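Look over the sequence and the model before reading on. The report starts with a term used throughout and then moves from the whole chain to single residues.

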Amino acid sequence: MQIGIFENAEQAGQKAAEMIAQVVGDNPQAILGVATGSTPDPLYAQLRSWHKDGKLDLSACQAYALDEYVGIAVDHPERYRNVLLKNLVWENATGLKAENLHTLDGNSTDLAQAAQSYDSEIQALGGVDIQILGIGSDGHIAFNEPGGSLTSRTHIEVLTEQTRKDNARFFNDDIDQVPTHCLTQGMGTIMSAKAIVLLATGAGKAQAVKQLCEGAVSAFWPATILQMHNNVTVLVDEAAASKLELKEYYCERWSKL
Ligand code: PGA
């Protein structure tokens with residue numbers, strides 16, 4: 001696990017964008033794993049800016065989303081498909097085509113089947129080339145909440161009260177409007193990615209980042225499973241890094257690699 005500590009969220013996002021640009025530069029048909037939430041906003045802004053300047057083009061890429069709310073209205077702005085369309089597709093944002101943006105169908109009449117077929121698709125690809133991740137304050141990645149299987153495949157999940165509180169800001173600050181269930185890539189699915197870049201910014205993530213980098217691998221802090229992956233880069237700002245015990249060493253190692 002490489003840990004990069006940056007002055008602010010924009011710089012961490014910029015580094016993540018550089019890592020994506022490198023993968024797409026090497027293979028214009030790269031398969032990207034894309035995250036939602038507010039953390040990747042600076043990253044997506046950078047991708048859009050490079051696309052506008054003609055420096056980056058995702059038109060031959062495929063992208064797979066991590067998760068989706070169950071039962072959210074198709075035109076709801078917080079439906080993750082809509083969030084990703086807005087960030088990466090609409091108005092020729094990055095060149096990514098709508099038909100190449102793959103998302104889970106949280107309105108399927110057979111959610112288990114929707115989860116399974118999505119997982120099979122990713123499995124058939126041998127995992128995505130580069131997966132962007134955020135992290136929940138409770139240590140979830142995608143929507144794999146504490147106490148789940150560390151080898152799960154794509155499945156239906158019940159959101160924790162903490163996650164629904166954290167996400168209420170996207171739903172008029174009303175927790176009752178936040179869906180209770182979701183479909184999420186499983187931990188095993190995420191671990192099949194060839195490279196993983198986890199972004200975490202803000203003091204609210206400091207404890208989760210501490211556990212992710214320095215805690216014992218445990219279903220209580222699901223993100224800790226990433227310690228078992230051989231190509232993970234954690235990009236954090238100073239606030240999210242504030243609880244790391246070996247912070248100085250991580251900085252030294254980052255500067256010398
Ligand atoms: P956030 O969400 O980027 O909005 O903090 C991250 C997550 O819940 O995975």
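## Buried and exposed

A residue counts as buried when its relative accessible area is under 20%, as exposed when it is over 50%, and as partly exposed in between. Gln-46 has a relative accessible area of 16%, so this residue is buried. The model is a predicted one.

Gln-46 is located in helix 2, which covers residues 41-52. Setting aside residues up to four places away in sequence, Gln-46 touches Gln-14 and Ala-17.

## The chain as a whole

The chain contains eight helices and ten strands. Its radius of gyration is 17 Å, close to the 18 Å that the globule rule gives for 257 residues, so the chain is as compact as a globular protein of that length. Of the 257 residues in the chain, 54% are buried. Among contacts between residues at least 6 apart in sequence, 77% join residues that are at least 24 apart.

The chain exposes about 11300 Å², and carbon and sulfur atoms supply 49% of this area. Its side chains include 19 positive and 32 negative ones. The centres of these two sets lie 4 Å apart.

## Aromatic pairs

A pair of aromatic rings is described by two values, the distance of the centres and the angle of the planes. The structure holds eight aromatic pairs. One of them joins Tyr-69 and Tyr-80, with 4.8 Å from centre to centre and 40° between the planes, and this pair is tilted. Tyr-69 lies in strand 4 (residues 67-69) and Tyr-80 in helix 3 (residues 80-89), so the pair ties together parts that are eleven residues apart in sequence. Both Tyr-69 and Tyr-80 are buried.

Tyr-80 also pairs with Phe-143: the ring centres are 6.0 Å apart and the planes are at 20°, so this pair is stacked. The cut-off behind that word is an angle under 30 degrees. Phe-143 lies in the loop between strand 6 (130-133) and strand 7 (155-158), while Tyr-80 is in helix 3, so the pair ties together parts that are 63 residues apart in sequence. Phe-143 is buried, as is Tyr-80. Tyr-69, Tyr-80, Phe-143 and Phe-171 form one aromatic cluster.

## Phe-6 in strand 1

Phe-6 belongs to strand 1, which runs over residues 2-6. The relative accessible area of Phe-6 is 13%, so Phe-6 is buried. What does Phe-6 touch, not counting residues up to four places away in sequence? Its contacts are Gln-11, Ala-12, Lys-15, Leu-235, Val-236, Asp-237, Glu-238 and Trp-254.

Phe-6 and Cys-251 are 245 residues apart along the chain, and their C-alpha atoms are separated by 9.4 Å.

Glu-157 is in strand 7. With a relative accessible area of 16%, Glu-157 is buried. Leaving aside neighbours within four places in sequence, Glu-157 is in contact with Phe-143, Asn-144, Glu-145, Thr-180, His-181, Cys-182 and Thr-184. Phe-143 from the stacked pair is thus named again here, as a contact of Glu-157. Between Glu-157 and His-181 there are 5.7 Å in space, C-alpha to C-alpha, and the two are 24 residues apart in sequence.

Thr-189 is part of helix 6 (residues 187-191). Its relative accessibility is 1%, so Thr-189 counts as buried. Apart from residues up to four places away in sequence, Thr-189 touches Asp-119, Ile-122, Ser-152, Arg-153 and Thr-154.

## Two residues with positive phi

Where does Glu-91 lie? Its place is in the loop between helix 3 and strand 5 (101-102). Phi of Glu-91 is near 55°, which is a positive value in a residue other than glycine. Is Glu-91 buried or exposed? Its relative accessible area is 80%, so Glu-91 is exposed.

Asn-92 lies in the loop between helix 3 and strand 5. Asn-92 is not a glycine, yet it has a positive phi of about 50°. At 52% relative accessibility, Asn-92 counts as exposed.

Methods:
Residues numbered from 1 in each chain as written. Predicted model: local features only at pLDDT ≥ 70, side-chain atom pairs only at ≥ 80, totals over all residues. Heavy atoms only, no water. Phe/Tyr/Trp six-rings, centres within 6.5 Å; stacked < 30°, edge-to-face > 60°. Helix = DSSP H or I, 4+ residues; strand = E, 2+ residues; numbered from the N terminus. Buried < 20%, exposed > 50% of the residue type's maximum accessible area, 1.4 Å probe, protein only. Contact = heavy atoms within 4.5 Å. Rg over C-alpha atoms; globule rule 2.2 N^0.38 Å. Areas by Shrake-Rupley, 256 points an atom, 1.4 Å probe, with all protein chains shown as cover. Lys, Arg positive; Asp, Glu negative; His and termini not counted. Charge placed at Lys NZ, Arg CZ, Asp CG, Glu CD.
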